[in-house]
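Here is my note on this model. Please keep the structure open as you read the points.

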Amino acid sequence: MASPRIFEVVTLATPAGARAEVCPYGAQVLHWQPVGAQRNYLYVSRQAVRRPGVGIRGGMPVIFPQFGLFGDLPKHGFARLQAWTLKPREHAHEVQFELFSSPATRTIWPHDFHATLGVHLQSKSLTVTLAVTNRSPGECRYTAGLHTYLAIENLAGGALEGLAGVDYLDATAGLARARQDANPLRISTEIDRVYLAATQPVIWRDHAGTLTISQQGFKDVVVWNPGPALARTLPDMAAEDYAHFLCVEAASIHEPVVLAAGATWQASQTLSAA
């Protein structure tokens, strides 16, 4: 049985008062509170399960080596279900976890790897960096992402800017390809889209302020919300919670990462509050 300590969060803080929390299970960021904020800017379900083998609903799950069902592996891979190891810390505002391949991971994905998840906290921003080194004798391929749940006051009261003119795959319509025409994007029902080659920043804007989501190294952006009907079927989420979060996820999905033997890939997502 896994140690319950894998669910004991590691805290980050800045002198000005920003705060973040990361759970070793999945190396999952669960809390981000910028300076001056009175709340967590990441949604975490009150009904989230904290048990080995189950993903924690909310925060920033690490998706590797497969995003969703884009492949033959288990949905969203295995990284979010592993106990990552905390590396020695030098600063209160930074933390880094690592995960190595094991017999258990090789039964799912037959490659040797070393992954790190770094979290860097500043007064008004949070940067999360995923790096993967291929330790196998041959190349490996994978998809990956940061499944970020943004906590918002009311889904219908804001909009997402920055995706106009970008093609997307619509998972609610059999991955049909379409182009985003509306700007900003307003969401009132289920949405599950992979925006392709969407490397520009996107912005969630409502009466409470703006949240800018930018990325480096990741090629795509996923926008997901279950809407009211699907939310009622999710056992680890209150039905009404769909209105209080939006997932805006930095990812590389449409074109898998191809990593040569001994090579390292790195990508990051930055959340900035204003």
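1. Start with a term: two strands pair if DSSP finds at least two bridges between them. Strands (E, at least two residues) are DSSP runs, numbered from the N terminus. By that rule, E1 and strand E2 (residues 19–23) pair in the antiparallel sense over 4 bridges. Within this pair, Thr11 has Glu21 of E2 as its bridge partner.

2. The model is predicted, so local features need pLDDT of at least 70 and side-chain atom pairs need pLDDT 80 or more, while totals for chains, interfaces and linings use all residues. Residues are numbered from 1 along each chain as its sequence is written, and side-chain values use heavy atoms, with hydrogens and water left out.

3. E1-E2-E3 is the order of an open, antiparallel sheet of 3 strands. Strands E1 (10–13) and E3 (28–33) are at its edges; each has a single partner strand, so one side of each lacks a neighbour in the sheet.

4. Now look at strand E7 (residues 113–121). Strand E6 (residues 94–100) is joined to E7 by 7 bridges, antiparallel. Here Glu94 has His120 as its bridge partner.

5. E7 also pairs with strand E8 (residues 125–134), antiparallel, over 9 bridges. A hairpin of 3 residues links E7 to E8. Ala115 is opposite Val132 in E8.

6. What does Tyr142 contact (heavy atoms within 4.5 Å), leaving aside its neighbours within four places in sequence? Its contacts include Val132, Trp109 and Trp265.

How values were computed: Contact = heavy atoms within 4.5 Å.
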